[in-house]
Number of protein chains: 2
Amino acid sequence: MPVIRAIEVLDVRFPTSLELDGSDAMHKDGDYSAAYVIVTTDDETLAGYGLTFTIGRGTDLVVAAARSQAQMLIGMDVDTMLADMGSVYRTLTSDTQLRWLGPEKGVVHISLAAVLNAAWDLVARRAGKPLWRLLAEMSPHDLAAVADLRYVSDALTRDEAEAILSALEPTKSQRIAHLEEVGYPCYTTSPGWLGYDDEKLRRLCGEAVAAGFSYIKLKVGADLDDDRRRCAITREAIGPDRNLMLDANQVWDVPQAIEWVKALAEFKPLWIEEPTSPDDILGHATIRQAVAPVGVATGEHGHNRVMFKQLLQAKAIDFCQIDSCRLASINEILTVLLLAAKFDVPVCPHAGGVGLCELVQHLAIFDYVAVSGSLDGRVAEYVDHLHENFVDPCVVKDAAYVVPTSPGYSARMHDASLARFSFPDGGYWTERASAETPVDLLGTP
Amino acid sequence: MPVIRAIEVLDVRFPTSLELDGSDAMHKDGDYSAAYVIVTTDDETLAGYGLTFTIGRGTDLVVAAARSQAQMLIGMDVDTMLADMGSVYRTLTSDTQLRWLGPEKGVVHISLAAVLNAAWDLVARRAGKPLWRLLAEMSPHDLAAVADLRYVSDALTRDEAEAILSALEPTKSQRIAHLEEVGYPCYTTSPGWLGYDDEKLRRLCGEAVAAGFSYIKLKVGADLDDDRRRCAITREAIGPDRNLMLDANQVWDVPQAIEWVKALAEFKPLWIEEPTSPDDILGHATIRQAVAPVGVATGEHGHNRVMFKQLLQAKAIDFCQIDSCRLASINEILTVLLLAAKFDVPVCPHAGGVGLCELVQHLAIFDYVAVSGSLDGRVAEYVDHLHENFVDPCVVKDAAYVVPTSPGYSARMHDASLARFSFPDGGYWTERASAETPVDLLGTP
């Protein structure tokens with residue numbers, strides 16, 4: 001019955017560059033940001049909220065793209081959407097003039113993620129369920145109908161997709177019960193930003209261990225001597241049995257990646273993440289062969305399902321790191337979860353930023369309950385930043401995401417946060433602009 | 001001495017969808033468009049003009065991105081730029097906040113192509129040479145310094161790049177003389193758009209043969225029976241000895257591509273172009289193995305040098321189709337030309353659209369003169385649309401591009417064309433808007 005009546009898309013930016021939260025070898029000064037979509041209906045108690053994550057300048061481009069794409073939702077009946085989110089996806093991806101600007105990548109794809117994330121939030125709220133549960137309760141047939149299987153049939157047919165889902169159907173409730181008891185395991189990246197000094201690194205590693213984390217991730221790739229020293233500090237702080245992961249954020253060429261990772265191998269990292277260009281499938285495969293037993297992880301910049309298909313076909317990765325805001329929401333993420341299940345590679349979602357943790361907890365839980373059926377080698381990222389801006393923030397207890405219970409996809413921000421951090425007119429940014437030199441034409445100073 | 005003082009970026013759209021020019025299996029109603037960059041200096045006789053090609057809606061996004069990126073050029077000295085276009089490229093690609101929106105793909109990459117195309121046009125005008133000649137006269141060392149070799153060193157080192165260029169150095173003038181005599185060979189796509197009826201196809205094929213073309217390309221992929229009939233008409237019209245190429249514009253999955261191309265093999269196509277997702281390197285390799293001796297061509301949507309590197313490493317293509325507006329101008333195109341030369345795959349540039357022919361003639365000529373040194377298997381695309389809008393339009397004579405002699409990169413449009421087709425305020429669009437139903441929120445009606 002409820003019908004979508006209006007769309008609002010906001011440019012929201014948090015000044016994280018001031019504290020070097022989020023600093024890595026490629027992104028030294030990101031301001032964690034979001035293109036934030038609000039879908040309202042003629043039922044004033046029902047709205048949908050979604051976002052895609054960005055790091056500052058250019059968020060305005062994503063907002064403009066999302067605003068165009070979201071117009072296609074106006075007039076849609078929410079119950080009809082709920083019954084057929086495959087059609088909603090096909091409608092939103094049907095504009096071939098916009099397609100030219102990707103296709104299926106870059107600004108017009110991540111803006112689509114924001115719009116579709118809001119649409120999925122909306123239908124889950126309408127159903128009165130957290131999104132992971134809405135998905136987990138769908139039939140294998142209906143799930144396969146939602147997944148975008150275009151361009152992947154050489155690796156996964158619709159029948160295979162349904163078979164993977166059907167095999168887990170009878171035992172879903174046991175896995176839900178298990179997660180409701182212990183949560184979904186996560187790791188922390190909070191200690192390891194590249195801009196933090198040794199003392200802060202050591203202190204935060206200690207705090208992470210005290211909080212129960214047994215997986216800790218460190219940014220590397222700017223300077224090898226620094227990396228060796230920081231790895232030593234971290235290994236000392238976390239002990240020999242906990243897991244250390246390394247993240248290079250794409251700074252290396254393939255030969256350099258191999259050399260550098262070998263020089264850090266003595267610290268026994270579980271994985272090296274984003275060792276080179278995210279587009280370099282064959283490069284990742286080469287690196288993986290050379291640096292084993294260190295695993296290779298990538299995917300936060302994997303721009304669509306075709307890239308993940310190939311990473312799996314080429315045996316290029318040990319850990320598949322989907323992103324909730326770069327892939328085109330559930331319709332494309334589900335395809336990647338199915339591919340990973342077929343190729344028997346664990347999915348360890350990328351999170352952090354702003355809102356990513358809120359979103360990926362649903363994906364990790366759904367993956368375990370309905371797609372992979374396994375927790376082996378699985379651990380979702382967690383970063384302790386900016387959760388205070390969310391109405392239903394994720395909750396981590398004993399190094400595990402507590403299973404969400406509120407309806408929706410958890411991405412709704414507080415009105416007060418939107419008022420303060422909307423760019424450039426929110427309270428924070430107008431105060432800052434009047435306090436210092438004028439904001440330049442490109443965006444944040 | 002001259003210094004860049006101002007940047008203007010225009011949204012220019014031509015209503016090609018009315019005539020179904022440019023219609024293919026994926027893009028049924030494109031309005032050929034451009035994000036068009038004008039760089040002005042304090043010398044009023046010196047300006048640079050560049051563009052990236054789009055097909056309608058969303059051009060505004062590319063314009064906004066280009067406007068941001070081009071700000072970085074303001075204050076640059078044109079002679080300093082001319083001496084070190086590698087630095088200009090690195091400056092324009094240094095914004096890591098914008099990088100997140102790709103990286104190196106989609107809106108922020110094609111907008112960068114527009115800006116850099118204008119910068120290269122500017123320095124070639126300053127040098128008083130057509131761009132192909134400016135490049136051809138650079139030393140191997142200087143050219144290698146201009147090329148973006150990041151992420152390709154596993155396939156091509158800087159030393160190898162210089163060696164490829166140095167080997168051809170002594171014989172450049174012979175190849176220039178040859179092209180000045182006979183031009184650079186091209187093929188035509190004008191007869192083969194999917195929206196044309198059989199009669200128009202037959203007539204245009206006859207005209208192409210009469211004009212001297214021995215390579216003709218046909219759009220396929222919507223309906224197999226139609227394709228078989230249209231291939232038969234074309235083969236009959238062009239005879240057994242001329243070359244027929246097919247272009248599917250990404251409509252197939254891998255297994256379907258193989259099946260469909262086999263069903264058209266009797267018409268002896270030289271290549272099948274874009275048989276599947278442009279991101280599917282391994283898929284193209286599979287298709288190539290299956291459909292030989294039909295060749296595989298792709299690249300117009302190859303979004304950066306890393307994708308081309310892999311297409312070559314995976315032996316996925318027989319013909320490498322660079323695009324002048326999707327790769328980040330000369331700095332990245334040069335890398336792909338060098339990679340193709342090393343892997344011994346002929347480069348056959350994609351053109352058509354608006355302005356692409358004007359641009360790619362420089363690339364094809366430079367490739368022959370200085371990088372590949374060969375014309376074997378090389379033929380550049382030519383489409384006879386919209387050239388009347390350019391100040392220095394490309395000239396095709398006896399199925400070959402006549403070597404350009406005017407300074408610059410040939411992308412400058414007539415002021416009258418800009419005034420008429422600027423969107424949404426140009427004369428054509430305001431007349432059309434008042435003549436029919438209002439233009440909708442998304443862009444063109």
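User: Domain bounds come from an automatic or database domain assignment; into which domains is chain A divided?

Analyst: Chain A has domain 1, covering 169-401, and domain 2, covering 416-445. Their C-alpha centres are 32 Å apart. This is a predicted model, in which local features need pLDDT of at least 70 and side-chain atom pairs count only at pLDDT 80 or more, while totals for chains, interfaces and linings use all residues. Residues are numbered from 1 along each chain as its sequence is written, with chains lettered from A and ligands numbered from 1 in the order in which they are written.

User: What makes chain A as compact as a globular protein of its length?

Analyst: Chain A contains 18 helices and 12 strands, where helices (H or I, at least four residues) and strands (E, at least two) are DSSP runs numbered from the N terminus. The radius of gyration, taken over C-alpha atoms, is set against the globule rule, 2.2 Å times the number of residues to the power 0.38. For 445 residues that rule gives 22 Å, and chain A has 21 Å, so chain A is as compact as a globular protein of that length. The C-alpha trace of chain A spans about 60 × 60 × 45 Å along its principal axes. Of the contacts in chain A with a separation of 6 or more, 75% join residues 24 or more positions apart; a contact needs two C-beta atoms, placed from the backbone, within 7 Å.

User: Why is A:Tyr382 called buried?

Analyst: A residue is buried if 20 or more other C-beta atoms lie within 10 Å of its own, exposed if 12 or fewer, and partly exposed in between, with C-beta atoms placed from the backbone. A:Tyr382 has 27 other C-beta atoms within 10 Å, so it is buried. A:Tyr382 sits in strand S10 of chain A. Neighbours within four places in sequence aside, its contacts are A:Cys186, A:Tyr187, A:Thr188, A:Ala351, A:Cys357 and A:Val396. Buried residues make up 61% of the 445 residues in chain A.

User: And why is A:Leu375 called partly exposed?

Analyst: A:Leu375 has 17 other C-beta atoms within 10 Å, so it is partly exposed. A:Leu375 is in the loop between helix H16 (356-371) and strand S10 (380-382) of chain A. With neighbours within four places in sequence left aside, A:Leu375 is in contact with A:Pro185 and A:Tyr368.

User: How do you know that S1 and S2 of chain A pair, and in which sense?

Analyst: Two strands pair if DSSP finds at least two bridges between them. S1(A) and S2(A) are joined by nine bridges and run antiparallel. As one of the facing positions, A:Ile7 stands opposite A:Val39 in S2(A). Strand S2 (33-41) also pairs with S3(A) over eight bridges, again in the antiparallel sense. In S3(A), A:Tyr49 is the bridge partner of A:Ile38, and A:Gly50 is that of A:Val37. S2(A) and S3(A) form a hairpin with five residues between them. Strands of a sheet pair through backbone hydrogen bonds, either parallel or antiparallel.

User: Which strands of chain A are called edge strands?

Analyst: The open, antiparallel sheet has the order S1-S2-S3 in chain A. Strand S1 (4-13) and strand S3 (47-54) of chain A each pair on one side only, and these are the edge strands. The twist averages 15 degrees from one strand to the next. Helix H5 (107-127) of chain A lies across S2 and S3, at about 150 degrees to S3(A); axes are lines fitted to C-alpha atoms, for helices over the stretch in contact, and angles run from 0 to 180 degrees between N-to-C directions.

User: Why is S2(A) said to be largely enclosed by the rest of the structure?

Analyst: Eight of the nine residues of S2(A) are buried, so the strand is largely enclosed.

User: What classes of residue make up the side of chain B that touches chain A?

Analyst: The contact takes 53 residues from chain B and 54 from chain A. Helices of chain B that each supply at least two residues to that side include H1 (59-70), H5 (107-127) and H12 (254-264). H1(B) gives the largest share, five residues. The side has 22 nonpolar, 22 polar and nine charged residues. Here Ala, Val, Leu, Ile, Met, Phe, Trp, Tyr, Cys and Pro count as nonpolar, Asp, Glu, Lys and Arg as charged, and the others, Gly among them, as polar.

Conventions
Domains from an automatic or database assignment.
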